[in-house]
Amino acid sequence: MTDIQSPAKAAASQPGGRSALQHLLQGDRPYMLYVAFAIMLIVFSLASPWFLSIDNFLNIGRQTTLVSIIAVGMTFVIISRQIDLSVASTLALSGMSASLAMAFVANSWVVGAVAGLGTGALIGLLNGVLTTRLEIPSFLVTLGTLSGARGLALMVTNTKPVIITNEYYFAIFGEGSVLGIPAPILWTLGVTIAGILLLHYSVYGRRVYAAGGNPTAALYSGVHIKQVTTLAFVLTGTLAGLASLILSARSHAARPDVVQGMELDVIASVILGGCSLFGGRGFVLGTLLGSLIIGTLNNGLVLLGVSSSLQLVIKGAIIVAAVAFTRR
Amino acid sequence: MIEQGSIAPFSGTPLLRVEGVRKRFGGVNALRGVSLEIRAGEVHALLGENGAGKSTLIKILSGVHVHDGGSIEIDGKPVSFSSPAQSRDAGVAVVYQDLSLVESLSVADNLLLGREPKTRLGFLKKRQLVAQAEAFLKSQNIPLDARAMVGSLPFAYRQMTEIAKALMGDVRLLILDEPTSALTDDEEKILFEAIRAVAARGVGVIYVTHRLNEVFRISNRVTVFRDGQNAGTFFTAQTNMRQLVGAIVGPDHAVLKADGDAPGQDTASSAGSSEKPVLELKGVSNDRLDGASLELRAGEIHGLAGLIGSGRTEILQTIFGLRSVQSGEASLDGVSLKGTDPAAAIGLGIALVPEDRHVQGLVLEHSIERNLTLPRLPYFSRLGWLQRRPASEHANAAMRRLAVKAPSASTMVKNLSGGNQQKVVFGKWNEPRPRVLLLDEPTVGVDVGAREEIYGVIRAAAAAGSGVLLVSSDLSELLQLCDRISIVVDGRITRTVARPDFCSAEDLHHLIQLSQPSEEHAA
């Protein structure tokens, strides 16, 4: 699985080919994202004296953590030709579930983590099963769970937040750091690496590409499309659960009304990162870059003192322009 | 039931006169000077094998292609169409097999799509739209409800809507390209009546078909093409099936050429009848099969011949687990195939090269390597992790063995030619050798050179011990490759013949046509 060199060499000796490493780094659009990211860094560095600093970059990393982590799962969902609109609601409900478990079951970070991740995974499973077994389009299924999960999250405490008091929980998911790198950024890196391994180096990853690239051909090749698709939803739900742990550890509480509308940032990151909404194409590193580009854009505009209303307009315009420019 | 609508007096100018029309595509002579004459008010059937030039002529008449030589006259005036719009203006309308209707709209909406009556503000005049459509249908004697939703109509009525749509405007010549391939007998009757009504109004109808039975039921005259040339024009009432089959397959096919390397001969003898079959179907039924029974021996190439829609493809799909076995028994090496899905079938050693490689066979936007390894991913993995070296070695070896012409295994499949794409589909199943290789129209859209190479691959698979089940509409392909051929009619196998009993395409054509249930005009 670490044998990256041999195909790379094979491709080098055969003109016209693209190696596995190239695919891993660039997806289907050579270096475009890197160039876009670099241009953005240069522009903001010139325009704002505060932009170019390690503190600011750690800041960007922390701010984009939630979107980046969930977007890794969304990459699998979108490559397999589906969509998941429920991730923000799943995050909210998972956070409630984790904090309530620690409040009423046992005040242990393990209990909280299991409850949070498990809730996310269950909602993902529900999305996957409804989509593949009842053959309802995932857009509609997850539109339903978007509403349902948020409603449940608001119902369990009658819209009140739940305070968390577990210090280990704070350290592991929110405030700890290793070698000066904050825990949320470490989680982002870990999830991204795991996502890369799973998508680009595992049998499952190949099947995700095939299921989205041409479901009929995949079926005729013996791929269990329903299982493959369902697993992608479970993965995304679980990562939304992980994001809820990080968010609630940072704020020492879980709130049922958090991150409304975040699914749009997640989907925008994935598409900006090179996934095709028609399935079969995309790469994890691209998704991370997409998320960082959106996060950097937010950060840079704030530093430039652009009003928050205008920020939204600029962000929307840049996303549409970037996708239009880089598509195909 | 044959003579409907009499032929206009011979004396007048024909509606359409095609004289010595030629057309080349690159090095291929698609038409080498064909002639055709259509009179007003007649239904004229056009017959010929795949590649005989029927569709090329139709594309010339409809303005898709321009002919290289010869002349085309409509009402005695020479014409040459450089666009479909010109052909349309000259009164030519074509109805293709694939319907181009909006299913969620009514018949009237479809007929007047794009030219709806509307008010000055752009609002739709609904009542007027329905009234216009109804008046038109009445004037054409087409029994359709203008208000009916197209999606809710049986297939024959959709086809009729399509014909009605083609007839909007001033149509002199109506061309129907295999309109009945998906129709039941009753539906066919309804459609034929509508066609006769159209012809009775003085429209000339060209009716392209593969089904000889239909020719006797609907047409006044028949023209047969073979290899881009005329092979005869007959009055339907004065000809018979044997004569038509002879014209379609031609004299060279009368006896299978004693190709020294006539395939199968040796394999046929090696696959002695005493051997136990590798695959066995006993009275298998489901939604599309009706008690199909079949024995496939190891090392045998076994053809399935029949008309499109007869259930040939469905037999393969059932064996591969894409359709369930509802009753009867299907087994591979004695292991029941009941309840298998494609993944389980692959595990048992069954491989399928499907009919439509773009839709069913390949992920076009992925590399050759990804496509080649997809069905066998577990072979190239350890604990779920892909082993890249074995996978790429496998892909390179398969490409070499099948002579796939591409820069590398990472070339995107959609950039390959049809023949090379089909070799990739074969490559998916080449190694390890499957027990049973199911092939559905394996050389459609493949050029001649690649076709020979693919034949080589098929023979090699049989020689290595795979049982090969081959569905093909190309009779000469079945003749060249098969040790035995089974005739499929309505989801059942009506006959199985072995090598000595079929030696010409004519024999085979007869077997297929004579097995049709509604056969009435056998010579």
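Me: Why is Lys423(B) called buried?
Reply: In this predicted model, residues are numbered from 1 along each chain as written, chains are lettered from A in the order in which they are written, and side-chain values use heavy atoms, without hydrogens and water. Local features need pLDDT of at least 70 and side-chain atom pairs count only at pLDDT 80 or more, whereas totals for chains, interfaces and linings use all residues. Buried means under 20% relative accessible area, exposed over 50%, and partly exposed in between (1.4 Å probe, protein chains only). Lys423(B) has a relative accessible area of 3%, so it is buried.

Me: What makes Lys423(B) and Glu453(B) a salt bridge?
Reply: A salt bridge needs a side-chain nitrogen of Lys or Arg within 4 Å of a carboxyl oxygen of Asp or Glu. For Lys423(B) and Glu453(B) the N to O distance is 3.1 Å. The pair links distant parts of the chain: Lys423(B) is in helix 15 (residues 418-427) of chain B and Glu453(B) in helix 16 (residues 448-463) of chain B, 30 residues apart. Helices here are DSSP runs of H or I with at least four residues, strands are runs of E with at least two, and both are numbered from the N terminus.

Me: Is Glu453(B) buried or partly exposed?
Reply: Glu453(B) has 31% relative accessibility, so it counts as partly exposed.

Me: Why is the pair of Glu42(B) and Arg221(B) said to tie parts together?
Reply: Their side chains meet in a salt bridge at 2.9 Å, N to O. Glu42(B) lies in the loop between strand 2 (28-38) and strand 3 (43-47) of chain B, and Arg221(B) in strand 9 (residues 221-226) of chain B, so the pair ties together parts that are 179 residues apart in sequence. Both Glu42(B) and Arg221(B) are buried.

Me: Which residues are linked with them in a network of salt bridges?
Reply: The network links Arg17(B), Glu37(B), Arg39(B), Glu42(B), Glu73(B) and Arg221(B). Within it, Arg39(B) forms a salt bridge with Glu37(B), with the closest N and O atoms 3.4 Å apart. Arg39(B) has a relative accessible area of 6% and is therefore buried, while Glu37(B), at 22%, counts as partly exposed.

Me: How many salt bridges are there between chain B and chain A?
Reply: The count between the two chains is 2. One of them joins Glu369(B) and Arg206(A), at 3.6 Å from N to O. Over all chains the structure holds 25 salt bridges.

Me: What area do chain B and chain A bury between them?
Reply: Buried area is the accessible area (1.4 Å probe) that two parts lose on being put together, summed over both. For chain B and chain A this is about 3,100 Å², 56% of it on carbon and sulfur atoms. Arg370(B), Trp385(B) and Arg388(B) supply 24% of the area that chain B buries against chain A, more than any other three residues. By contact (heavy atoms within 4.5 Å), 36 residues of chain B and 34 residues of chain A take part.

Me: Why is chain A said to be as compact as a globular protein of that length?
Reply: Chain A comes to 15 helices and 4 strands. The radius of gyration is taken over C-alpha atoms, and the globule rule is 2.2 Å times the number of residues to the power 0.38. The radius of gyration of chain A is 20 Å, close to the 20 Å that the rule gives for 328 residues, so chain A is as compact as a globular protein of that length.
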